[in-house]
Amino acid sequence: MDKRKFYITTPIYYVNDKPHVGSAYTTIAADALARAHRLRQIPTYFLTGTDENSQKNLEAAAKAGVDDLQAYLDSMAEVWKRTWRELGISFDDFIRTTEERHHRGVERFWRAVEKSGDINKATYEREYCVGCEEFKTPTDLLDGKCPLHPNRPLEKVSEENYFFRASNYKQQLLDLYRDKPEFVQPQSRQNEIRSYVESAFDDLSISRESKKLSCGIPVPGDDSQRIYVWFDALINYMTAVGYGTDDEMFRKWWPASLHLVGKDIIKFHCALWPAMIMSAAKSDGLLQAEDGSALLPERVYAHGFFTIDGQKISKSLGNAVDPLDLAKKYPFDAVRYFLLREIPFGEDGDFSTKRLEERYASDLGNRLGNLVNRVIAMSAKYFDGKVPQTDVEAAGEGMDDTVWDGAEGLAGLWSEAEKHIEAARLDLLLDQVWNSDGASLTAANKLVEQTQPFKLFKEDPEKTAIVLYALLEACRQYAWMVEPIMPNVANGIIRQLGQDPDVEKAKGIEELKKWGGLVPGTELHPGEVLFPRLIS
RNA sequence: CGCGGGAUAGAGCAGUUGGCAGCUCGCCAGGCCCAUAACCUGGAGGUCGCCGGUUCGAGUCCGGCUCCCGCAACCA
């Protein structure tokens, strides 16, 4: 990953409905990764947005009884934006594919692909599946029906369309997967993509007649045709950072460091999208690296889907969870923690409020919250409300006859954390912080038992000062380890430790990682319980 | 031969490069009392779906088999 910048994206969402917990999952994951990079003072650009050129939106507007499509799109885009804001999503940009900047970039991109000779006009008669929004070849069909949407009649479409000659890039794509295996993440998806490209990746229609498609971006130079959804949608990742409108900005941010997507759209992102860029780059120097090769996104990471209490998310079953409702019922940091901790990133998982409440009580309340609470309470009680005066270096040593590895153990935790962030495995990061040997939260709770500061104080106040300092300092470091996932909780801990989160953050991660960030004598602010028991 | 996911302790799940089977919850017995009835220790509980193979060694790799889940529409 490019250390100088981090450009992360979520898919752009259809606005035919409000967000549910699934789209929130993608967005929260992206947010946590964005925050992790910002905390490391890596210039970060976090993009999300809405896909507004889809036929589906038209249908949704009609269903909602709204005549004015643009008004419908505006109001729905606002719903999405507001939801993300309320969930504390720290997006830097929100792109709508009906925006002027997007249209201009798409136009430029189209012309580049055209110039490269990869767009041709042809009359085809093909089966079009409205569900997939794509044409089906005979080999795609099962009993003459779309295998994904067997109950939806295929439309026989015979018209003159523009085609993108994706097949010209088959070999280059296969080379890409071979030379840069990290391009497709997680690993388990690589074979899937490779075999898809080898067997099923073909030229595809990228426009429809305007008279049949009443929304979408007109084909440059041919108003009788409009670009259809996927071809225009993918380009949002470029137009948001200035492609077609601001070359300087584009050079700063492109290529994307990470496209976060659901597993359903991995083919578009790992095959079609790089092929499109390879083509456009041949005719547009802005898309070329210094060696002339196409500037492709660095990685595409597909996360899994989850069920709700073992059942597929389905609006007809009424189990589509509204993330805003969750945020009302639970502290939202807890929901973020749950989603990112519970499901191994990249795998499918299950979402249940029962599990959420279990994790909340156990991981957050009993382990993290209780540790912070007891350690600060003891320090305040025995040391006049302050961080105990002691030899900071000595307090960083591992302690004999205990499991505690001290500063060294925490440093180990940090280096693991960096690896997990790089790999987008925040679930593993959290697991380490909670459950590893040496300096985890569990180890810290054990240290309290093994040293018993609440007794030790009477016999040996100096030793007690060392133990409590070590624990307070560990809490400070835990706060920064979990900050990308639980920003509010982290700030709360830092404040209770008598520090200002903003001032601390400005020091940079290397400083925050160092043992001894907590200055002896600092006034503690024993505060609110971090994770109050839930009333069910 | 449609595609994909899965089968590991009572429940829910981890197990990146093959090296004594782990985590959370629950259960039993103890300890502690600083703390959110929280924390700590010990324990019961597994033929890692089945059969074969590779290997000094397989939950992990290879082959075969059985069973389960998702794949109309809404839908990451």
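Where is aspartate 401 found? Aspartate 401 lies in the loop between α14 (392-395) and α15 (406-422). The model is predicted; local features need pLDDT of at least 70, side-chain atom pairs count only at pLDDT 80 or more, and totals for chains, interfaces and linings use all residues. Residues are numbered from 1 along each chain as its sequence is written, and side-chain values use heavy atoms, with hydrogens and water left out. Helices (H or I, at least four residues) and strands (E, at least two) are DSSP runs, numbered from the N terminus.

Backbone geometry is taken up here. Most residues other than glycine have a negative phi, and most peptide bonds are trans. Aspartate 401 has a positive phi, near 60°, and is a residue other than glycine. With 75% relative accessibility, aspartate 401 counts as exposed. Buried means under 20% relative accessible area, exposed over 50%, and partly exposed in between (1.4 Å probe, protein chains only). Glutamine 41, likewise not a glycine, has a positive phi of about 60°. Glutamine 41 sits in the loop between α1 (21-39) and β2 (44-51). Its relative accessible area is 47%, and glutamine 41 is thus partly exposed.

Proline 186 is placed in the loop between β7 and α6. Proline 255 belongs to the loop between α9 (247-253) and β12 (258-262).

The arc is that of the directions from the helix axis to the C-beta atoms. Contact means heavy atoms within 4.5 Å.

In helix α16 (residues 426-435), the buried residues are Leu426, Asp427, Leu429, Leu430, Val433 and Trp434. Their arc around the axis is only 160°, which puts them on the same side of α16. An α-helix has 3.6 residues a turn, so residues three or four places apart point the same way. The elements covering the buried residues of α16 include α1, α12 (332-342), α13, α15, α17 and α19 (461-482).

Helices α13 (residues 353-382) and α17 (residues 441-451) have axes that come within 10 Å and cross at roughly 40°. α13 is therefore oblique to α17. Axes are lines fitted to C-alpha atoms, for helices over the stretch in contact, and angles run from 0 to 180 degrees between N-to-C directions. Angles under 35 degrees count as roughly parallel, over 145 as roughly antiparallel, 65 to 115 as roughly perpendicular and the rest as oblique. On the α13 side, the contact is made by Asn366, Arg367, Leu368, Leu371, Arg374 and Met378. On the α17 side, Leu441, Thr442, Ala444, Asn445, Val448 and Glu449 take part.

Leucine 326 is located in helix α11 (residues 323-329). Leucine 326 counts as buried, at 6% relative accessibility. Neighbours within four places in sequence aside, leucine 326 is in contact with Val21, Val321, Val335, Phe351 and Leu356. Its C-alpha atom is separated by 9.9 Å from that of leucine 87, 239 residues apart along the chain.

Technical notes
Chains are lettered from A and ligands numbered from 1 in the order in which they are written.
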